[in-house]
Amino acid sequence: MIMRAQKKHAPATDRNREPILAVLKDCLPEHGTILEIASGSGQHAIYFVDHMPGHYWLPSDPDLASRDSISAWWWDVQLKNILPPLNINTLENFWPVEKVELPLPVTAMVCINMIHISPWESAVGLMKGAARVLPEDGILYLYGPYKIDGEHTAPSNELFDLSLQSQNPDWGVRDLNDISSLAGENGLSLVKTVPMPANNLSVILRKS
Ligand SMILES: C[S@@+](CC[C@H](N)C(=O)[O-])C[C@H]1O[C@@H](n2cnc3c(N)ncnc32)[C@H](O)[C@@H]1O
């Protein structure tokens, strides 16, 4: 008997996917493969690529159950421009995407809600990987809550930060200045930020 993999459901994706898509359509290069880091359930991948038929979408996650979920969601839509999920852990110095053949080169990377729900080293690895994988002018899109100049932008973000740190002391809402400095150390610069619903931020970086 063939067992179909379990789909994960992340309710927040239903709320944030539309506003994120609007920003992606505005900031992503017109063509190419979009490498998504930390795809989680895969719901974003399925939704975004359905609205961006000119792109290939390459999801990834280090968690096997998440990669199975991405494949399970893919099964429903069977879109040709979603590529099979890769096992990418930003903590690693070499990512499988660096050796696979793709229908179009990677022109952008998208990473939603990972940086605060993993240790700071994951963000360091993300930027190092972006420096290796992105072409000149390639875009790195980040989404999540951020502190600005050391301050939370809303009481709800402060509570969220405390709850993250109680789950894991290495997790927590990051400061935009730290992200911007880290990006600079890796040859990326901040293009702009876009305020998003529920006190989140879209952060758009470009490799120079
Ligand atoms: C809160 S989920 C977000 C999933 C999805 N992007 C979303 O918005 O629904 C965080 C994801 O980050 C992944 N993750 C954690 N550390 C990572 C790392 N070092 N490299 C890549 N992914 C990582 C986890 O496996 C998990 O799927």
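Tutor: Start with a term: a salt bridge is a side-chain nitrogen of Lys or Arg within 4 Å of a carboxyl oxygen of Asp or Glu. Also, this is a predicted model: local features need pLDDT of at least 70, side-chain atom pairs count only at pLDDT 80 or more, and totals for chains, interfaces and linings use all residues. Residues are numbered from 1 along each chain as its sequence is written, and side-chain values use heavy atoms, with hydrogens and water left out.

Student: How many salt bridges does a search of the whole structure find?
Tutor: Four. One of them joins Arg132 and Glu98, with 3.1 Å from N to O.

Student: Where in the chain do Arg132 and Glu98 sit?
Tutor: Arg132 is in helix α4, and Glu98 is in the loop between α3 and β3. They are 34 residues apart, so the pair links distant parts of the chain. Helices (H or I, at least four residues) and strands (E, at least two) are DSSP runs, numbered from the N terminus.

Student: What does Asp76 pair with?
Tutor: Lys7, with the closest N and O atoms 2.5 Å apart. Asp76 belongs to helix α3 (residues 64-77), while Lys7 lies in the segment before α1 (11-27), 69 residues away. Asp76 is partly exposed at 48%, and Lys7 is partly exposed at 30%.

Student: And which residue forms a salt bridge with Asp26?
Tutor: Lys192, at 3.1 Å between the closest N and O atoms. This pair runs from helix α1 to strand β7, 166 residues apart. Asp26 counts as exposed, at 55%. Lys192 is partly exposed, at 35%.

Student: New topic. In what order do the six strands of the sheet come?
Tutor: β2-β1-β3-β4-β8-β7, in an open sheet with mixed pairing. Two strands pair if DSSP finds at least two bridges between them.

Student: Which strands stand at the edges?
Tutor: β2 (55-58) and β7 (188-196). Each has a single partner strand, so one side of each has no neighbour in the sheet. Neighbouring strands are turned by 20° against each other on average, direction ignored.

Student: How many bridges join β1 to β3?
Tutor: Five, between residues 32-37 of β1 and residues 106-112 of β3, which run parallel. Leu35 stands opposite Met109 in β3.

Student: Which strands does helix α2 lie across?
Tutor: β1, β2 and β3. Helix α2 covers residues 43-50 and runs at about 175° to β2. Axes are lines fitted to C-alpha atoms, for helices over the stretch in contact (heavy atoms within 4.5 Å). Angles run from 0 to 180 degrees between N-to-C directions.

Student: What about α4?
Tutor: Helix α4 (residues 120-133) lies across β1, β3, β4 (139-144), β7 and β8 (200-207). Its angle to β3 is about 165°.

Methods. Buried means under 20% relative accessible area, exposed over 50%, partly exposed in between (1.4 Å probe, protein chains only).
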